[in-house]
Amino acid sequence: MMDLSSVSVAYYPKRHLAPVPIPGRHKWQNDGQNYVHDREAGLWRTWALGDPEWTPDSGFPATSWISYSGPTIDAMTSDDDREPSGKDVFIDKNSSLSGTYWSGSVWVDEENRLGRGCGSVYYYISGPAPVLQAIYLLVADRLGEVPYNLGMCCSPDLVPDSVRDGGRDFRDCRVFWDDDHSQLVMAATIGTRFAFFRSLNGTSWEFLSSLEGPGPLVECPNVMKLKVLDGQGNTPGYKWAILGAVQGDYPGGTQSNECCAAWLGSWDGTRFTPDEQSRAIPLDYGPDSYATVAGSDDGPTYVGCWLGNWDYSLLPSPYKGFQNIQSYPRACWIQTDYSGQQKVYTFPVEKADGITGIGGPRQTIGGEGNPDFASDEVETSDCYRLDVVLDQVDGHWPEEVRISVNKGRMEGTEYSTDLIIYRNGQITFDRTRAGILYPGYPNEPPEDWGKTYSIPAGLKSNAASSMIVTILIDTSSLEVFINGGQISLTGLVFPPKGCTGVDITATQPVHVSVSTSDY
């Protein structure tokens, strides 16, 4: 039943980004790059690191840049079969000094600030050079054209020795135009810190300052202004934020060895100063959320990530024809939560302006005489959106509410992926019953695969009388959002084909309304 040896393509996502699958190939991808609106072509574009020739025996991939595009940010698809290079990569790794490109940033000079012409495109891409890591500059006249490499433009030699601390890491840059100070700004990884640089011509750079992270390696620092929304959805202002990633354990982090995280604070043109209570707050508490990407176009700001984990992403995978996926894009903004603290909210793009219209018929489940909620009451598939509204009965929450998706019975075995909501506010993601397939199968599951992951109890108010749970389900992933984006949790799963059921149970009575829809 679970033997995929004769299957050419398996677990290919319907709404998440992945290279076009080819039978017998693995087509690696990892870190995504920023979202860019191509105004001339009327397209949204993004990129990711990819190695179409990679196999699990290859070790760490030598990556090119692959690309995606589409008419809207939630409708991008792989450009594999329409790349202008005639290959299934957009920027070939062989144009680098060391045969590999890593993460970087794409900036479009819409107003000809730097003199190359309106719409000129600057690709700042990190990689070995070939001994130390450095940033390359590639340029093109417009988006969609293959850029040409001008060579290294920013090296770790620009960073003071006291900041570098002898480290080799210098990569994963993000670039933005700082309107307030009329300068191009680059933020890059230098080990456990972010470094900031400025340029007035796009080619030569000056070191400005650095920001110490929470301890482990930090990566992918997207520096931008985010909208601040009040409780009515109005925008009283904006606030600076870094949307980045942390690889390793740190106080206030997640149970995974890596996560996307946010810093809120201020930018004065030289230095980012974080708010005291807003340092490296996780953007997602699941096991498979890393390498943050972001972008905007004079409207909402969007954020996404690579759905992977370095603990097991290089292992032989249940995927067939490709390897690894990117997240569904989310709108993001800053809002004050129940505790009075500002934090970054993220939510699927269709419902970015609110969560109205959610909910089916209300019923009571749990406790004596009340039935459980079963999947025959809603329409499900291997790709859909599930919205569950929970309301207290008599002012009390049950000790436990369990939402089970990807539920089914195969050859006498019950399968499901479970989201467990406890009375104290803790929310736990459990994929230990999701299926027998996992990275590295049939060996023992990797440590970070075979354990549960939780959103800490203190992040949700127990005093609230209702809760909204939104789950994006795709063929090999779940993205969970609590209360309209206050908290999220993302994980990979590989359920048996046909396991698409939904079941909701509670230890005591609770009101529930459930709806499903496409996304």
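A residue counts as buried when its relative accessible area is under 20%, and as exposed when that value is over 50%. The model used here is predicted.

**Exercise 1.** Determine whether Lys27 is buried or exposed, and describe its phi.

Solution. Start with position: Lys27 belongs to the segment before β1 (28-32). Its relative accessibility is 3%, so Lys27 is buried. Next, the backbone: phi is positive, about 45 degrees, although Lys27 is not a glycine. Most residues other than glycine have a negative phi.

**Exercise 2.** Find the geometry of the peptide bond from Tyr441 to Pro442.

Solution. Omega is near 10 degrees, and the bond is cis. Pro442 lies in the loop between β29 (427-430) and β30 (453-455). Most peptide bonds are trans.

**Exercise 3.** Classify the aromatic pair of Trp28 and Trp54, and state which parts it ties together.

Solution. The structure holds 31 aromatic pairs. In this one, the centres are 4.9 Å apart and the planes make an angle of 55 degrees, which gives a tilted pair. Trp28 is in strand β1 and Trp54 in the loop between β3 (43-51) and β4 (64-70), so the pair ties together parts 26 residues apart in sequence. At 1% relative accessibility, Trp28 is buried; Trp54, also at 1%, is buried.

Methods. Residues numbered from 1 in each chain as written. Predicted model: local features only at pLDDT ≥ 70, side-chain atom pairs only at ≥ 80, totals over all residues. Heavy atoms only, no water. Helix = DSSP H or I, 4+ residues; strand = E, 2+ residues; numbered from the N terminus. Buried < 20%, exposed > 50% of the residue type's maximum accessible area, 1.4 Å probe, protein only. Phe/Tyr/Trp six-rings, centres within 6.5 Å; stacked < 30°, edge-to-face > 60°.
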